[in-house]
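The following questions ask how the terms used for a structure follow from computed values. Please keep the structure in view while reading.

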Amino acid sequence: MNLPKVIVDAASRPYAVAAESRKKGRAPIAVLPGYFPAELVAAAGAHPFRVWGGRAATVNADAALQAYICSMAKSVLEDVLDGTLDFAAGFLVPSVCDTMQNLSDVIAASGRKVFCFRFPRSSFPDEAGVWLRDEVARFSRWMKSATGREPSGEALAYETDRYSAVKTAVLELYALRRECPQAFTGRGFYDAVFAAQTMDPGAFADAMSGCAANFKCGDAAGAGRRVMVSGTAPIPPEFLDVFAEHGLWLADDDFMAGRRLFSRPILESLGPKDLAQAFLGGVPCPSNTFGHDKRPGYLADLAKEAGAAGVVFWQTKACENEAFDLPWIDAALRGNGLKTLLVETEQKMRTFETAAARIAAFAESL
Amino acid sequence: MPVKLQAQDELKSLMAAYYLEAKNASYNGKKVAWVSSGAPVEFLYALDYVPIYPENYAAMCGASKQSPALIAEAEAAGYLPDLCSYARCDIGADIVQGGPVMGLPDPDLIVAGTNICTTIIKWFQQVAYRKKKPFVAIEMPYLTTGLGKSEADFVVAQFRRFRDVAAEVAGVPFDEDRFVEVVKLSAEGSRLWGEVLDIARRSPAPLSALDAFIHIAPIVTLRGTEKPIEYYKTLLSELETLSRGGLIADAQHTRLLWDNLPIWFRLRRMSEFLAFRGAIVVASTYTNSWAAIKEIPRKLDDIYEALARAYLEPYINRNFPDRVKILSQMASDFSAHGMIMHSNRSCKPYSIGQYMLKGMFTKETGKPVLILDADMTDPRAYSDEQAEGRIEAFLEQWFQ
């Protein structure tokens with residue numbers, strides 16, 4: 001599938017695109033890995049953009065974090081410490097794991113403006129809802145200090161529409177891929193998914209508006225086998241093309257930076273019910289205690305709907321939230337007749353021979 | 001050589017009795033709860049549960065050098081080596097029913113608080129799925145900007161829900177009077193534990209913080225009962241005798257702080273290594289995390305809030321500026337010359353940011369810090385030669 005040039009451009013230079021929001025009077029706010037409703041940031045007149053870290057050598061971050069820390073956290077920190085993200089008016093860190101929680105303090109200690117959003121991992125949704133209301137109020141005050149404006153109900157209604165359009169466009173793309181996975185390269189598909197997390201929502205939805213109507217599956221159908229991928233993020237994206245080289249088609253995913261993110265409910269108001277629904281609802285996720293026990297069933301259904309014969313766990317090394325679920329999810333999926341494969345990845349991976357060999361062997365087993 | 005305390009024998013008996021009671025709980029008609037070290041155990045003791053601490057068990061497996069085989073079992077079952085070694089150790093122990101007491105008794109309820117880490121939530125989720133038992137997660141928010149009413153209210157609200165769940169699983173009504181008694185015992189035990197730790201302010205210090213890691217077991221596992229109170233009274237008395245009788249033979253030229261959990265499988269060796277070089281660890285951020293409620297309020301609601309505040313305040317749940325204040329205060333209180341920060345690959349909340357904390361601490365106090373790479377229970381992440389060489393070089397600065 002050929003994506004509009006503006007989408008490919010946004011995926012190739014995300015920070016430059018995010019920085020341009022200043023020209024439109026919107027202060028760029030960097031949102032670190034973990035869920036947070038972008039529409040709430042935008043409702044304060046700011047421009048939220050997702051930061052998943054680059055691929056450059058982590059010189060500064062290596063001096064600040066130990067070797068055993070998750071490479072995604074290190075890459076994000078590198079972009080902060082080397083000044084790449086200095087255009088951001090602030091950093092929003094959802095505390096979805098111990099690493100992100102402490103990273104918020106590391107970034108703050110470097111003199112940047114940071115808000116650590118304390119995501120509740122509680123067994124009690126009503127109490128968590130009240131906490132969310134208070135934490136969002138604190139976040140609003142922080143936004144005012146960072147950008148001069150707080151989110152308002154009226155502005156949120158406007159942003160809800162804009163981000164709903166983004167969600168619709170991305171999920172439409174997922175539906176097309178499920179219908180015709182051979183028409184998408186790994187990199188091409190995730191260019192669009194990442195662009196949706198960087199661009200102005202209106203510009204993204206406009207750019208994608210004609211794509212579905214003009215989509216043609218073409219004659220690419222062949223002997224490939226469908227698989228699904230699960231993990232934190234499709235990084236490094238070019239490596240996903242290795243699947244196609246071995247006759248495997250990515251029919252769907254369960255990436256935190258992918259389907260999981262775009263399956264979350266869009267925040268519709270600042271009321272406690274809507275806040276709880278937006279933050280604690282959505283599809284099962286390793287970082288969320290609510291609905292977590294439904295994860296094996298959800299993944300098995302997702303794979304079935306995608307016609308996938310196997311699931312590849314795309315494990316960012318040292319990501320504890322994902323790794324703790326692996327044995328349990330793996331057993332459940334195998335029990336559902338699905339083949340599984342674990343591929344451990346690093347953000348800065350440059351050589352893929354070992355992982356490629358594992359994928360090749362997996363393809364043969366299918 | 002560090003002095004071998006007689007109380008240590010009593011400690012062994014105490015812990016043996018504790019695990020024996022736990023192993024026989026179901027025969028005695030008692031419910032077992034697996035709890036994290038920072039969970040509000042007072043509610044469980046008030047309901048006559050036997051609380052079991054998987055973290056403590058992993059520490060025992062580490063100290064008894066049984067952890068490598070257990071960790072291997074967990075890794076063979078699919079748990080990656082990057083995960084917390086306490087978790088891997090306990091999961092392995094559960095698979096093969098191994099470790100010092102041949103595995104832990106199955107739980108009726110599983111409880112975790114996030115005040116020590118969020119890893120515990122993931123770990124205990126796995127336990128709950130394997131055991132098919134109810135799991136209660138209590139969010140104790142990280143204190144990004146201090147402890148306010150909102151944080152305390154949230155935790156109190158969850159405590160009330162937890163109390164009801166625990167009572168339902170136990171099948172008995174919750175007795176608030178009994179609960180108040182348990183809180184009083186917990187506070188008294190914590191107070192005495194604080195006294196034990198504070199005795200190392202003296203010079204020479206009669207107790208090393210590395211030894212305190214061993215003596216911490218009663219306040220972790222039996223907090224809320226009479227037992228830690230009795231034990232710490234005995235220990236204090238012995239330490240007083242040592243201190244006042246001038247019976248501390250070791251020269252203590254260098255007094256150090258320790259950050260993070262200990263290296264359980266090298267605890268004795270590390271203690272002796274330092275003692276032979278005239279150094280002693282006088283305080284640690286970990287052992288000081290159980291000094292809880294100072295005064296018991298009169299009203300029940302206020303007790304809930306005081307308990308919530310106590311559980312929100314462990315060192316590891318504080319932001320970096322607060323951590324530096326605590327470290328600096330400890331350095332002053334214990335007349336420390338410097339600090340060893342254990343960069344513990346299994347404990348991310350303790351370890352992430354240590355490089356920055358090191359700089360902030362040194363800037364604040366002028367005292368040097370050594371960062372030591374290791375793991376609390378996985379010996380594969382540790383080298384005696386490398387660690388001891390680094391410590392030796394670190395200590396030399398006080399002899400020039």
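Q: Why is Glu139(B) called buried in this predicted model?
A: The relative accessible area of Glu139(B) is 2%. Buried means under 20%, so Glu139(B) is classed as buried.

Q: Where in chain B is Glu139(B) placed?
A: Glu139(B) lies in the loop that joins β4 (135–138) to α7 (149–170) of chain B.

Q: What makes the approach of the Glu139(B) side chain to the backbone nitrogen of Arg121(A) a polar contact?
A: The side chain of Glu139(B) comes to 2.7 Å from that backbone nitrogen.

Q: Why are α7(B) and α13(B) called roughly perpendicular?
A: The two helices pack at an angle of about 110 degrees, with their axes 9 Å apart. Angles of 65 to 115 degrees count as roughly perpendicular, and α7(B) and α13(B) are therefore given that description. Their crossing is right-handed.

Q: How do you know that the length of helix α7 of chain A agrees with its number of residues?
A: At 1.5 Å a residue, the 23 residues (125–147) should span 33 Å. The end C-alpha atoms are 31 Å apart, which agrees. After α7(A) comes Gly148(A), with a positive phi near 90 degrees.

Terms used: Residues are numbered from 1 along each chain as its sequence is written. Chains are lettered from A and ligands numbered from 1 in the order in which they are written. This is a predicted model: local features need pLDDT of at least 70, side-chain atom pairs count only at pLDDT 80 or more; totals for chains, interfaces and linings use all residues. Side-chain values use heavy atoms; hydrogens and water are left out. Helices (H or I, at least four residues) and strands (E, at least two) are DSSP runs, numbered from the N terminus. Buried means under 20% relative accessible area, exposed over 50%, partly exposed in between (1.4 Å probe, protein chains only). A polar contact is a pair of N or O atoms within 3.5 Å; within protein, one must be able to donate a hydrogen and the other to accept it, and residues adjacent in sequence count only if both atoms are side-chain atoms. The expected span of a helix is 1.5 Å times one less than its number of residues. Axes are lines fitted to C-alpha atoms, for helices over the stretch in contact, and angles run from 0 to 180 degrees between N-to-C directions. Angles under 35 degrees count as roughly parallel, over 145 as roughly antiparallel, 65 to 115 as roughly perpendicular and the rest as oblique. A crossing is left-handed if the near helix is turned anticlockwise from the far one by less than a right angle, and right-handed if clockwise.
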